Amino acid sequence: MVEKVYVTYNEVHKLCQASADRILNDFKPNLMIAIGGGGYVPARILRSFLKRPTAPNIPIQAIGLSLYEQLPSSSPSNPVEAPGTKVTRTQWLDLSSLEMANLVGKNILIVDEVDDTRTTLEYAVRELQKDVQTAADKLGTNEKTQFSIFVLHNKDKTKKGHLPKDMMDDGRYLAARTVSDVWICYPWEATDIDEHDRLAASQAKY
């Protein structure tokens, strides 16, 4: 049976808070891209901690990627999911608008909730780099766009996906916490938040 770990909103808030200084000082993001649906809430919380006096809020854009698939379960009320084999785009940036041009030359922070197999993150970085390069070519500019990654949890396991070597060598990847290979239940997935919080309070913290 898959071990489930329940994470609360308060814990997510504190993980973002604890990571903000390094993100601000080392990554210096001026734009965030949240991978939906798990990256939306962390990105919004993180933006509050990255805000500096007299400086504007860091804009957040969103893409939607799906990798997980539901597996057969003996309990319909307690479904189990597992990583699939193919990343599916459910939402992407509008390549025909100024949206892509606005990414050129920026320090972009990609935000997601969990680094499981790394397949989704690999896809996001690769495709965003490709699209930004296309936009830069159309603009006729050599401005460098730099991507960094922040996740709440990194699962300590062999990864199927790979991130650019320069990103890893430069330390432009940050996981607020590394955990064992468990199923992490985030509060925004809950349909009964009181029950979710009760289960979280009854277990060891991650």
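Let's begin with a pair of helices: the crossing of α1 and α2 is right-handed. The model you are looking at is a predicted one. Two packed helices are described by the angle between their axes and the distance between the axes. Here, helix α1 covers residues 9-27 and helix α2 covers residues 40-50; their axes come within 8 Å and cross at roughly 50°. An angle from 65 to 115 degrees would count as roughly perpendicular, and one under 35 degrees as roughly parallel. The helices α1 and α2 are therefore oblique to each other.

Which residues of α1 and α2 make the contact? From α1 come Tyr-9, Val-12, His-13, Cys-16, Gln-17, Ala-20, Ile-23 and Leu-24. From α2 come Val-41, Pro-42, Ile-45, Leu-46, Phe-49 and Leu-50. Sorted by class, the contact of α1 with α2 has 12 nonpolar residues, two polar ones and no charged ones.

## A pocket to explore

Now for some empty space. Rolling a probe the size of a water molecule over the atoms shows where such space is left. The second largest pocket holds about 230 Å³, and 14 residues line it. Nearest its centre lie Gln-129, Gln-133, Lys-144, Thr-145 and Phe-147.

Which element gives the most to this lining? It is α4, with four residues. Both α4 (119-139) and β6 (146-155) supply at least two residues each. By class, the lining of the second largest pocket has four nonpolar, six polar and four charged residues.

## Two spots in the backbone

Most residues other than glycine have a negative phi, and most peptide bonds are trans.

In the loop between β2 (31-36) and α2 you will find Gly-37. The peptide bond from Gly-36 to Gly-37 is cis, and its omega is near 0°. Further on, Thr-54 sits in the loop between α2 and β3 (60-71). Thr-54 is not a glycine, yet its phi is positive, near 70°.

Key
Residues are numbered from 1 along each chain as its sequence is written. This is a predicted model: local features need pLDDT of at least 70, side-chain atom pairs count only at pLDDT 80 or more; totals for chains, interfaces and linings use all residues. Side-chain values use heavy atoms; hydrogens and water are left out. Axes are lines fitted to C-alpha atoms, for helices over the stretch in contact, and angles run from 0 to 180 degrees between N-to-C directions. Angles under 35 degrees count as roughly parallel, over 145 as roughly antiparallel, 65 to 115 as roughly perpendicular and the rest as oblique. A crossing is left-handed if the near helix is turned anticlockwise from the far one by less than a right angle, and right-handed if clockwise. Contact means heavy atoms within 4.5 Å. Ala, Val, Leu, Ile, Met, Phe, Trp, Tyr, Cys and Pro count as nonpolar, Asp, Glu, Lys and Arg as charged, and the others, Gly among them, as polar. On a 1 Å grid over the protein atoms alone, a cavity is a set of points where a 1.4 Å probe fits but cannot get out, and a pocket is an open set with protein on both sides within 12 Å along at least five of seven lines; lining residues have an atom within 4 Å of a point. Grid points are joined across faces, edges and corners, and a volume is the space filled by probe spheres set on the points.
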